[in-house]
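Reader: I have not seen this structure before. Please show it, and then let us go through it step by step.

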Amino acid sequence: MAMTTLAAGLACSQPSNNPAPPNRDVSSRQTRMPGEYLFTLAAEAESRVIADVYGRFGIKGIRDLGHNTFLVTFAVDPGPERIASVRGQNPQITAVQPNFVYRHDERGSVQ
Amino acid sequence: MKALNRSSFMVALFAAVLALYAQVSAAPVAPPNFGGGASSQYVADEVLVKFRPMTPAQVRAATVAARSHALLANLNQTDWVQVKLGPGQGMEAALAVYRDDPNVEYVQPNYIYRATAVPNDTQYGQLWALKNIGQTITTGTYVPNSGTAGNDMNLEPAWDHITDCSSVVVAVIDTGINYNQEDLAASMWDGGASFPKHGIDYVDNDNDPMDLQGHGTHVGGIIGAAGNNTLGTTGVCWKASIMAVRALGVTGIGTTATIIQGINFAVAQGAKVINMSLGGSSAFDQTLSNAISTAQSNDVVVIVAAGNENNNNDVTAVYPCRFTQPNLVCVAALDQNYALASFSNWGAASVDVGAPGTNVLSAWAGTETTITDNFNTGGVLNWTASGGGWAYRPLISGTPVDVLANPATFPSGTYSNNADNRVYKGFDLSGTDVATLSFFAQIAVQAGDSLNLNYRRSGGDPFAGGVQLTGGSATTGGIVGPFSFDLSPCNSSTCSVGFQLLTNGSITAQGVGILGFSIATMQLNTTTYNTISGTSMATPEVAGLAAMLRAYNPLYTYADTVNAIKNGGRSVPALAGKTTTGKAVNAMSSLAFINSPTGLTATVQ
């Protein structure tokens with residue numbers, strides 16, 4: 001069997017008794033970072049509103065990126081649909097989306 | 001900008017454009033000052049005077065002497081003389097007094113004409129994007145590596161007017177920049193005491209944007225490698241102010257989070273052009289879109305790559321190219337014959353212009369080596385294995401493929417329950433600054449079982465006291481996928497890398513097949529250059545042009561700049577129906593392009 005076809009994506013899950021691997025530029029052709037989501041809050045809203053709604057999913061960390069945007073990392077990835085389904089529980093959470101992956105692909109010959 | 005100021009600006013701009021194209025003509029007015037260009041437009045203390053026919057010679061001499069000027073020469077053209085002005089006498093005043101003399105028919109400055117500016121950089125002859133003479137790019141791997149003379153950005157005449165773009169900060173959001181590279185060190189943004197290393201790093205979250213991969217350095221060199229310094233290459237701008245924003249890691253990967261932080265930093269620190277030679281996400285990224293809109297609100301031009309998948313971006317979206325903000329320009333790649341590069345994405349509605357993108361020589365971050373491993377010696381696994389399971393398996397279907405497999409019958413059969421199967425090997429990575437582990441794999445590991453990838457700097461079993469790169473159950477859906485990991489912390493002579501399949505007693509699955517195993521290393525230095533192809537290379541050519549336009553026209557808005565880039569381009573058949581403009585960028589024509597005035601009203605009286 002010739003293995004030459006590139007994968008369209010990779011689904012990973014972490015057993016709860018394994019430590020989470022360090023973030024080392026894990027890359028296949030995944031289009032988003034598993035377990036990572038970007039939350040946009042209303043002006044003046046505090047990040048604790050994220051924990052209030054999403055804490056039950058197991059938040060590993062919340063990082064303020066500025067401009068009312070927060071990067072939230074979950075210990076176990078709930079999935080985009082589940083994340084989106086509860087956003088309306090607090091109107092101060094104005095938007096939520098996956099943390100998408102971007103890349104460059106160029107290679108060449110070094111002289 | 002208020003209407004009156006806009007009107008005055010447009011008059012001055014119109015006059016400057018006339019001078020760009022003007023032949024010597026009967027326009028006895030002071031010429032515009034092309035400050036920042038390679039040199040002056042006329043001899044500062046000379047004028048050429050045409051006396052009316054039949055004016056006696058003694059009258060001509062007296063006319064000149066009366067103004068304390070000197071008659072330098074009777075030109076070999078009837079009634080024309082060359083006059084030297086007196087000390088401290090200005091051009092405008094001199095023109096005025098001769099214009100008012102009844103014996104004078106015409107007066108003008110003594111204009112300077114020269115061969116178009118050509119930099120003396122040693123590799124200039126290989127920069128076909130800047131000057132295409134049909135040369136062969138000796139280090140180019142894209143075919144064709146030679147092309148048609150004239151298919152270039154038309155920069156040499158533009159350099160007659162401006163080479164120094166350093167008044168405009170260009171942010172390169174990429175893998176960082178080797179700010180010590182010999183051709184870039186003088187072109188880096190001065191971030192002061194707060195940002196002494198010329199930018200910021202949102203991958204490692206520090207203020208050192210050193211490039212550990214090469215791509216960002218290459219992009220930066222295209223924009224502003226020092227020109228006319230007798231070494232290396234030159235950028236679109238001979239002098240630049242490049243802000244390094246590291247948002248992509250050693251494997252070339254970044255995320256919405258790293259990129260938007262980069263955009264917001266660039267805007268906050270005063271960049272007026274942002275280059276993003278990257279792409280991803282076919283899904284609309286609202287957060288990234290918001291950041292680009294923030295850049296628009298702050299009058300920043302954003303130049304992005306169309307992508308390298310040979311796709312129609314109008315059908316298969318690639319962001320950020322597919323965003324529609326008016327401050328965004330998306331760039332496709334052209335080859336040396338100005339055909340659309342075979343890898344380049346296009347889009348009649350989403351991609352704007354083309355620029356050279358094949359066999360582009362520019363600065364690189366360091367020297368690279370690649371270690372490959374095929375798992376076997378004479379058909380026998382030469383990795384250290386324990387606990388069974390792992391085997392070398394040659395798969396033959398057309399081209400033979402060397403595979404590290406578990407179980408040995410992979411892709412047939414299933415792996416064993418209650419197993420701790422380990423396999424590892426040592427590699428000498430001493431003396432390297434960066435190491436990237438890459439391989440392809442087909443994976444089917446059930447939930448409850450775990451495929452782990454570890455390394456150990458001191459060698460030996462990486463699953464006894466080593467560091468995990470990744471681990472867990474996974475599936476690639478029955479096909480092979482590429483994987484890359486940063487192995488830089490393992491830069492010792494005894495670095496061991498290994499795979500572990502750890503299983504419980506429940507359901508098993510197909511297992512793992514690994515192929516194409518390699519470790520790419522880089523040793524940073526200041527003297528390396530590289531030739532690569534991609535829309536990533538076309539993009540900074542346009543970013544450099546944007547910086548040039550904004551430096552030449554300090555009052556230009558992002559809209560003026562984008563208009564000049566798009567409308568100043570040259571129609572290219574390969575781009576017709578493939579881009580919004582059908583044009584390849586043309587630096588000289590963009591410099592000369594006149595934006596339509598806005599904010600003006602006309603009242604008929």
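Author: Helix 6 of chain B and helix 7 of chain B are roughly parallel to each other, because their axes cross at roughly 10° and angles under 35 degrees count as roughly parallel, over 145 as roughly antiparallel, 65 to 115 as roughly perpendicular and the rest as oblique. This is a predicted model, in which local features need pLDDT of at least 70, side-chain atom pairs count only at pLDDT 80 or more, and totals for chains, interfaces and linings use all residues. Residues are numbered from 1 along each chain as its sequence is written, while chains are lettered from A and ligands numbered from 1 in the order in which they are written.

Reader: Within what distance do the axes of helix 6 of chain B and helix 7 of chain B come?

Author: Helices (H or I, at least four residues) and strands (E, at least two) are DSSP runs, numbered from the N terminus. Axes are lines fitted to C-alpha atoms, for helices over the stretch in contact, and angles run from 0 to 180 degrees between N-to-C directions. For helix 6 (residues 256–268) and helix 7 (residues 286–297) of chain B, the axes come within 10 Å.

Reader: How are helix 8 of chain B and helix 9 of chain B oriented to each other?

Author: Helix 8 (residues 535–552) and helix 9 (residues 558–567) of chain B have axes 10 Å apart and pack at an angle of about 125°. Helix 8 of chain B and helix 9 of chain B are therefore oblique.

Reader: How far apart are the C-alpha centres of domain 2 and domain 3 of chain B?

Author: By an automatic or database domain assignment, domain 2 of chain B covers 124–365 + 528–592 and domain 3 covers 369–524. Six residues of domain 2 of chain B are in contact with eight of domain 3 of chain B. The C-alpha centres of these two domains of chain B lie apart by 37 Å.

Reader: In what order do the elements of chain A run from the N terminus on?

Author: Chain A has two helices and six strands. From the N terminus on, their order is β-β-α-β-β-α-β-β.

Conventions: Contact = placed C-beta atoms within 7 Å.
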